[in-house]
Amino acid sequence: MPDTPATAALPSVQDRLRAAQPCLWTNAGRVPQVPPQLSVGTALVGMDDMQAAVARFGRFAGLLAELFPELQASGGVIESPLVPAPTLARALGLGAEEGALWVKCDHLLPVAGSIKARGGIHEVLEFAETLALEHGLVSPGSDYRALAQPAARALLGRYQVAVGSTGNLGLSIGVAASRLGFRAAVHMSADAKEWKKERLRRRGVEVVEHAGDYEQAVAAGRTQAASDPFCHFVDDERSLSLLQGYSAAAPALQRQLAAAGITVDATHPLFVYLPCGVGGAPAGITFGLRQVLGPHVHCFFAEPVQSPCFLAQMLAGPHDHPSVYDWGLTNQTEADGLAVPRASLLAASLMHPLLSGIFTVQDATLFQHLAWAHDTEGLRIEPSAAAGFSGPAMLTGTLAGRAWLRAQGLEAHLPRATHLAWTTGGLFVPEAEYDLFLQRGRAQPQAASA
Ligand SMILES: *Cc1c(COP(=O)(O)O)cnc(C)c1O
């Protein structure tokens, strides 16, 4: 398939993709106005689906505050700060005349320690809610703290929630499910970090280790769950509930932007850079942001040069489902949250009209940016979460980026632009592990670029 590219007009992106060189692809299929209904696989989604997720988190807030001590202060709201990063902007080479850099700190999200707190916890809550309504433990409008009572926990304890994961989704689902009273099983790929498995086992979650990659761990979990009527499998490649949960980030970010005095309109573009694995998290957030902010938010996905599965999917025809191995790539990266060989087709179908582009990043750059984020702004992130920091240079400092900005009529508006890097994980990375990341990042030559 890679030998007969479907988009021969973009030879340089394909050459660079195959050579594992950083590249920027921009989406000619993006539409400025979001249609009221969008197809995602065989379903249709719209504003209602995002609002349903926001409402569900709201109904569960009281219960979450009771179950998770770390959510008491926020009243059960799982959110992260939006912070300015002017010193990091200079380190990354983003001049003041090219816009301001902000960081959406999902590396601080409580409970899961990563962006997976949004989608993963949403799906566990939706499953618990479905069971609780069915069995009359709660009713519409009733107090969901009833689910902390022994009768409810006994019911939920008859069910298992299972998931396949490179690590962070497992952490999110495993911790949330077991705290609600479910049994939990996490199928982990070979590249999952040992400390993530340990953290789950300490919480009574069953960890099933698989020798293969992420895709194989998901397939094994899916098969095992299919034969068990008391098992709900959270399917990272096929779940609408995950996408919906991620999209709930959008109204919250909209409020944070307003509170920070950040305007998003035709002369104040917002560029959002989202690390991408299978695509569910960045697609859910992009879907939400395009719903609430409209045409002037431009979302870009960031992938490791050896795992650009979403880019491979966007370059392929609608009936192809290529893997990064088909492109001669290895799927080997220290960004374990992004080490995915094949994209979610649900996420890809949803992104065709919404996404602005995708860029790829070398591991050496991830570590350098991880260290810069720490040394300039005190941000403590994991390697996957650093992928978005290449975004500003990709747009403003490459020929492809400049050409796109010009074609969109955005070049003149750069001084009033906001660049928002979404840092997706890191809170629970052990000290010793993080120190190694830092050392590795500081050892990178200063001249290395995106
Ligand atoms: C999972 C993850 C992502 C990407 O999410 P996908 O839904 O797999 O695309 C990004 N960063 C981190 C830290 C993650 O754990």
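At what angle do helix H10 and helix H11 pack, and how far apart are their axes? The structure is a predicted model, in which local features need pLDDT of at least 70 and side-chain atom pairs count only at pLDDT 80 or more, while totals for chains, interfaces and linings use all residues. Residues are numbered from 1 along each chain as its sequence is written, and side-chain values use heavy atoms, with hydrogens and water left out.

Helix H10 (residues 249–259) packs on helix H11 (residues 280–293) at about 50 degrees, and the axes are 8 Å apart. The H10–H11 pair is therefore oblique. Helices (H or I, at least four residues) and strands (E, at least two) are DSSP runs, numbered from the N terminus. Axes are lines fitted to C-alpha atoms, for helices over the stretch in contact, and angles run from 0 to 180 degrees between N-to-C directions. Angles under 35 degrees count as roughly parallel, over 145 as roughly antiparallel, 65 to 115 as roughly perpendicular and the rest as oblique.

H10 contributes Ala249, Ala250, Leu253, Gln254 and Leu257 to the contact, and H11 contributes Ile285, Gly288, Leu289, Val292 and Leu293. Contact means heavy atoms within 4.5 Å. By class, eight of these residues are nonpolar, two are polar and none is charged. Here Ala, Val, Leu, Ile, Met, Phe, Trp, Tyr, Cys and Pro count as nonpolar, Asp, Glu, Lys and Arg as charged, and the others, Gly among them, as polar.

Helix H14 (residues 363–377) has 15 residues. Its buried residues include Phe367, His369 and Trp372. Buried means under 20% relative accessible area, exposed over 50%, partly exposed in between (1.4 Å probe, protein chains only). The buried residues of H14 pack against helix H3 (86–91), strand E11 (297–304), strand E12 (357–361) and helix H17 (431–442). Gly378 follows H14 and has a positive phi, near 70 degrees.

Pro383 sits in the loop between H14 and helix H15 (391–396). Pro383 is buried, at 1% relative accessibility. Not counting residues up to four places away in sequence, Pro383 touches Glu334, Ala335, Leu366, Phe367, Leu370 and Phe437. Pro383 and His369 lie 14 residues apart in sequence, with 8.6 Å between their C-alpha atoms.

Gln313 belongs to helix H12 (residues 309–315). Gln313 is also buried, with a relative accessible area of 4%. Its contacts, not counting residues up to four places away in sequence, are Asp320, His321, Pro322, Ala343, Leu345 and Ala348.

How values were computed: Expected span 1.5 Å × (residues − 1).
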